[in-house]
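Notebook open, model loaded. I'm jotting down what I look up as I go.

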Amino acid sequence: MVTTPQPTQPTKVIYPDSDGNPMAENTRQFRWIVVIKENLEILFDDDPNVFVAGDLLWYPMEGNNKLRQAPDIMVAFGRPKGVPEASPQENRGSYKQWEEGNIPPQVVFEILSPGNRLKEMVKKQQFYERYGVEEYYIYDPERLDFHGWIRNQTGSLELIEQAENWTSPRLGIRFELIEEQFTIYRPDGQRFLTPTELAKLAEQQRQEAQQQRQEAQQQRLEAQQQRQEAQQQHQRAELAEARLRELEARLQQLEGDRPSP
């Protein structure tokens, strides 16, 4: 009997959601990752087609789960905030580019820690250059070094001259490194705030809004009181006019009753 070989089913490729590496190695690195990621989330909160993520694995090619990177922060324009074809409340476990309209993250950030090695960073830069990143920024909070690369007309990531005073074409944010102080500014000129500062600002705005509501309520009460007083004055005036007419009528009556001389 001749046995016909059955076609083998292709092995399903699993794309892990974690590479097992920690998001940050120290609190300073973690703080900057959170500051940039959260402020970018706020900046693009009203745009449903800008996806911002932190420490999310990016797989650029289907079928290869070894080819991947997890930028500290990445921004993908033209992609919804939620999972494609799902509600915005659902979150991606990873960024599979073939499921994202084949759109790569256009902007990525790396925040260095003492454990980062030059060889590792070179590999990351080569990866980002090869797979479509338009803007790549590195900040070293320990050494206060900031560098950036932007894709040029030849398709390569080119070092940005004077990145310490540079405005991102894609994000519209400005970087400033002056006197050992690194600051990022929103397009409206407001600086990026820490989560603590954001919480304090939100509380301040809440208190101001509450105070404004109370003042508006007080103004409404005062206006209502003024209307009541005006109405009372109007009623008193009408009453006085009625009494005057009554007196005039009485006087006329008395004049009519007076005997003729």
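Which residue in E3 does Val50 stand opposite? I found Phe77 there. This is a predicted model, where local features need pLDDT of at least 70 and side-chain atom pairs count only at pLDDT 80 or more, while totals for chains, interfaces and linings use all residues. Numbering starts from 1 along each chain as its sequence is written, and side-chain values use heavy atoms, with hydrogens and water left out.

**Sheet.** I looked up the pairing next: E1 and E3 (residues 73-77) are antiparallel over five bridges. Strands here are DSSP E runs of at least two residues, helices are H or I runs of at least four, and both are numbered from the N terminus. Two strands pair if DSSP finds at least two bridges between them. The open sheet has six strands, ordered E1-E3-E5-E6-E7-E8, with mixed pairing. E1 (50-54) and E8 (157-159) are at the edges with a single partner strand each, so one side of each lacks a neighbour in the sheet.

**Helices.** I then checked what packs on the sheet. H1 (residues 27-43) touches E1, E3, E5 and E6 (135-140), contact being heavy atoms within 4.5 Å. H1's direction makes about 160 degrees with that of E5. H2 lies across E5, E6, E7 (145-151) and E8, at about 160 degrees to E6. Axes are lines fitted to C-alpha atoms, for helices over the stretch in contact, and angles run from 0 to 180 degrees between N-to-C directions.
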